[in-house]
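Hi,

Here is the structure I promised to pass on.

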Amino acid sequence: IVDDEKLIREVIKEYLLLEEYNIYEAENGLEAKEIVNKNKIDLIIMDIMMPKMDGYTACKEIKQIEDIPFIMLSARSEEYDKLIGFDLGIDDYVTKPFSPKELVARVKAIIKRNSRQENLEIMGIKIDDLAHEVYIDNKLIELTPKEYDLLKYLMENKNIALSRENLLSSIWGY
């Protein structure tokens with residue numbers, strides 16, 4: 001969450017923590033760049049008007065480092081401002097004042113859409129879906145195709161109680 005207003009960061013953080021997201025906070029674009037350089041970030045919610053480095057500049061520079069999904073959050077509601085953001089490659093634009101619940105719904109949708117294309121990572125276990133490889137603490141682990149499918153399914157359905165029948169039908173096709 002990148003916003004120079006602490007209260008806005010706190011409100012967004014509170015709602016995202018309820019959904020069990022890990023949160024990093026920054027007051028400006030420079031701090032956001034530092035966080036991106038040191039951590040794996042799945043999505044950035046960024047204000048436009050900030051000191052030191054504005055949201056547009058930060059978005060452009062971060063996108064050169066890594067293609068991270070962005071939601072721009074701004075009091076600016078002019079079409080021109082939105083178009084600049086979309087030209088930079090943002091995924092969504094939310095104007096202030098905003099509904100925190102709607103923002104969380106947008107976050108969930110973007111993360112879900114992007115997680116299909118990217119790697120899954122939970123507690124040191126990482127799945128590279130394109131290469132069909134599994135890493136535990138960055139060490140490659142050999143799995144059979146069914147073991148891979150089962151692990152991937154369990155990670156995609158984290159915190160959901162799955163029945164034997166559900167596993168049999170989803171993984172083995174019974």
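Predicted model: local features only at pLDDT ≥ 70, side-chain atom pairs only at ≥ 80, totals over all residues.

Trp172 sits in helix α7, residues 164-172 (helices are DSSP runs of H or I with at least four residues, strands are runs of E with at least two, and both are numbered from the N terminus). With a relative accessible area of 35%, Trp172 counts as partly exposed; buried means under 20%, exposed means over 50%, and partly exposed is what falls in between, using a 1.4 Å probe and protein chains only. Setting aside neighbours within four places in sequence, Trp172 is in contact with Lys146, Leu150 and Leu167, where contact means heavy atoms within 4.5 Å.

Residues are numbered from 1 along each chain as its sequence is written, and side-chain values use heavy atoms, with hydrogens and water left out.

- β4 and β5 run antiparallel and are joined by 3 bridges; Ile122 has Ile125 in β5 as its bridge partner.
- β5 (residues 125-128) and β6 are antiparallel too, with 4 bridges, and Lys126 is partnered by Tyr135 in β6. These two strands make a hairpin with 4 residues between them, and His132 in the turn has a positive phi of about 55°.
- β6 and β7 (residues 139-141) are joined by 3 bridges and run antiparallel; the bridge partner of Ile136 is Lys139 in β7. Their hairpin has 2 residues between the strands, and Asp137 there takes a positive phi near 50°.

Asn138 is in the loop between β6 and β7 as well. Asn138 has a positive phi of about 65° although it is not a glycine, and at a relative accessible area of 70% it is exposed.

Where does Ile136 sit? Ile136 is in β6, residues 133-136, and it counts as partly exposed at 36% relative accessibility. Together with Ile141 and Leu143, Ile136 makes a nonpolar surface patch of about 200 Å². Patches take residues with over 30% relative accessible area and no salt bridge, joining like charges within 9 Å and nonpolar side chains (Val, Leu, Ile, Met, Phe, Trp, Tyr) within 5 Å. A salt bridge here is a side-chain nitrogen of Lys or Arg within 4 Å of a carboxyl oxygen of Asp or Glu. The areas come from the Shrake-Rupley method with a 1.4 Å probe, and for residues only the protein chains shown count as cover.

There is also an open sheet of 3 strands, ordered β1-β2-β3 with parallel pairing. β1 (44-47) and β3 (92-95) take the edges with a single partner strand each, so one side of each lacks a neighbour in the sheet. The twist averages 25° from one strand to the next here. β1 and β2 (residues 70-74) run parallel with 4 bridges, and Ile45 stands opposite Ile71 in β2.

- Asp81 is in helix α4, residues 79-88. Is Asp81 buried or exposed? At 8% relative accessibility, Asp81 is buried. Apart from neighbours within four places in sequence, Asp81 is in contact with Tyr56, Arg76 and Tyr93.
- The peptide bond from Lys96 to Pro97 is cis, with omega near -5°. Pro97 lies in the loop between β3 and α5 (100-115).
- Glu20 is in the loop between α1 (6-18) and α2 (29-38). Glu20 is not a glycine, yet has a positive phi of about 65°, and it is exposed at 58% relative accessibility.

Cheers

Note on methods. Pairing = 2+ DSSP bridges. Axes fitted to C-alpha atoms, helices over the stretch in contact; angles between N-to-C directions.
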